[in-house]
Amino acid sequence: MASLSGAILRLLGWTVTITVPDYPKCIICVAPHTSNWDFVLGKLAYASVGRKAGFLMKDTWFFWPLGSFFRAIGGIAVPRKKKMDRSLTDIIVEKFNELPKLTLAITPEGTRSRTSTWRTGFLHIAMQANVPIALGVIDYASKQVLIEKTFHPTGDVETDMRTVKDFYRPYKGKYPDKFSVE
């Protein structure tokens, strides 16, 4: 699968550089997230180096037959808050604590629309589960997928979020006007 994924990306003109260790457990923070194509590119890029990552996705996408497909490739359905009896953070931390190996891609923007309010759950999950955060980039300007830096949150959510947003500042999404690090 790795060679096929890499061949598809090369055919499309994309390059992949993933230098972070293959941690047994980690979160991949993925940004910019402005298009559904980000999902396809991210999955192909990670597979091209022989790695697998799960992902979070709105539960509305988990209808038949897509639900079975998304679960098979690592999807975790995120129910609407009204349907949840406990926090998503607690659920994901529990998964990290139970499983011997888990890599989970999370888009902190939580939407493909422009927002300056990024969700902080990935920072809380990393702190509570004691896992590193690999900073993943899908940069349409250079047609590169990069995962070269590991971030260890300090627990100061505001400072940590500013550090993460500053890291992503130079990169461009498919729709640059939909990406904000302010």
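This is a predicted model: local features need pLDDT of at least 70, side-chain atom pairs count only at pLDDT 80 or more; totals for chains, interfaces and linings use all residues.
Just after helix H1, Gly-13 takes a positive phi of about 90 degrees. Helices here (H or I, at least four residues), like strands (E, at least two), are DSSP runs numbered from the N terminus. Residues are numbered from 1 along each chain as its sequence is written, and side-chain values use heavy atoms, with hydrogens and water left out.

Let me turn to H1 itself. In this helix, residues 2–11, the buried positions are Ser-5, Gly-6 and Leu-9. They cover an arc of only 95 degrees around the axis, which puts them on the same side of H1; the arc is that of the directions from the helix axis to the C-beta atoms. On the other side of H1, Ser-3, Arg-10 and Leu-11 are exposed. Buried means under 20% relative accessible area and exposed over 50%, with partly exposed in between, using a 1.4 Å probe and protein chains only.

What do the buried residues of H1 pack against? Their partners are strand E1 (15–18) and helix H2 (37–48). Ser-5 counts as buried because its relative accessibility is 2%. Leaving aside residues up to four places away in sequence, Ser-5 touches Leu-44, Ala-47 and Ser-48, where contact means heavy atoms within 4.5 Å.

Now the pairing of H1 with H2. Their axes come within 7 Å and cross at roughly 130 degrees. That angle makes H1 oblique to H2: angles under 35 degrees count as roughly parallel, over 145 as roughly antiparallel, 65 to 115 as roughly perpendicular, and the rest as oblique. Axes are lines fitted to C-alpha atoms, for helices over the stretch in contact, and angles run from 0 to 180 degrees between N-to-C directions. From H1, Ala-2, Ser-5, Gly-6, Ile-8 and Leu-9 meet Leu-41, Leu-44, Ala-45, Ala-47 and Ser-48 of H2. The residues of this contact divide into 7 nonpolar, 3 polar and no charged. Ala, Val, Leu, Ile, Met, Phe, Trp, Tyr, Cys and Pro count as nonpolar, Asp, Glu, Lys and Arg as charged, and the others, Gly among them, as polar.

The axes of H4 (residues 88–98) and H5 (residues 121–129) come within 9 Å and cross at roughly 40 degrees. The residues of the contact of H4 with H5 divide into 5 nonpolar, 5 polar and 1 charged.
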